[in-house]
Amino acid sequence: MTQDPRAPLDIRIDTPGREGLTGTTPASLYSPLREAEQVTIAPDWRPMDQQPAWRGDFPIDWPQDHYVERRDFMKFMVLTSLAFTAGQFWIAVQNRLRRRRGQPEIRRIASLAAVPVGGAFTFAYPGEHDPCVLVRPSDRMLVAYGQKCTHLSCAVRPRVEAGILQCPCHEGSFDLASGRPVAGPPRRPLTLVRLELRGNDIFATGIEERTT
């Protein structure tokens, strides 16, 4: 049966009624295409009907393999981000509780890579005007103390090779491993900064004022 030429045309351009008209394309051209990640490409680039029978045992080819790798990578990044966010949230909760109890907050000092073996790193804790020094005498040892000498508050300097922290003002010395005085006029140990290693980050978790 011949279609009435006076009948209005469907406004869509992908319908069979518009085939053959100037400026239109066959409706089959608009059939859904597979995503690029799902198109099978053999390593030798030949069509699948020319592939050996053993390829049936290895159905995943390059595009699918790359698709799986990208998907797994995205999952890893999402999980890592969630873990980092959860860790930061937990630290914030802990710090709020510690402030209520009058305790210093937990604070990241530096990355482990920023303090080489035999090196030192200065920071302020728990307040901006409380200078401290972090020392890494060996690969498995980290110590941190308030940097003010307990004699007259001069800034002590680590001498890792000698195993001491030395006060240049009056030649006072403190044991690097314990912070206790070993020479000169100081009689009280340096303020101890408690440390905690979380992954590759070094955190200060509190201070300890000592008298002996």
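Start by selecting Cys 132: it is buried, with a relative accessible area of 3%. Buried here is under 20% relative accessible area, exposed is over 50%, and partly exposed is in between, using a 1.4 Å probe and protein chains only. A word on the source: this is a predicted model, where local features need pLDDT of at least 70, side-chain atom pairs count only at pLDDT 80 or more, and totals for chains, interfaces and linings use all residues. Numbering runs from 1 along each chain as its sequence is written, and side-chain values use heavy atoms, leaving out hydrogens and water.

Next, pick Cys 167, buried at 2%. Its sulfur sits 3.8 Å from the closest cysteine sulfur, in Cys 149, too far for a bond; a disulfide takes a pair of cysteine sulfur atoms within 2.5 Å.

Where is the one disulfide that this rule gives? Select Cys 154 and Cys 169, with sulfur atoms 2.0 Å apart. Look along the S-S bond: at -105°, the link is left-handed. Cys 154 lies in the loop between strands S4 (141-146) and S5 (157-159), and Cys 169 in the loop between S6 (164-167) and S7 (172-175), so the pair ties together parts 15 residues apart in sequence. Cys 154 is buried at 17%, while Cys 169 is partly exposed at 41%.

Of the 212 residues, 27% are buried.

Methods:
Helix = DSSP H or I, 4+ residues; strand = E, 2+ residues; numbered from the N terminus.
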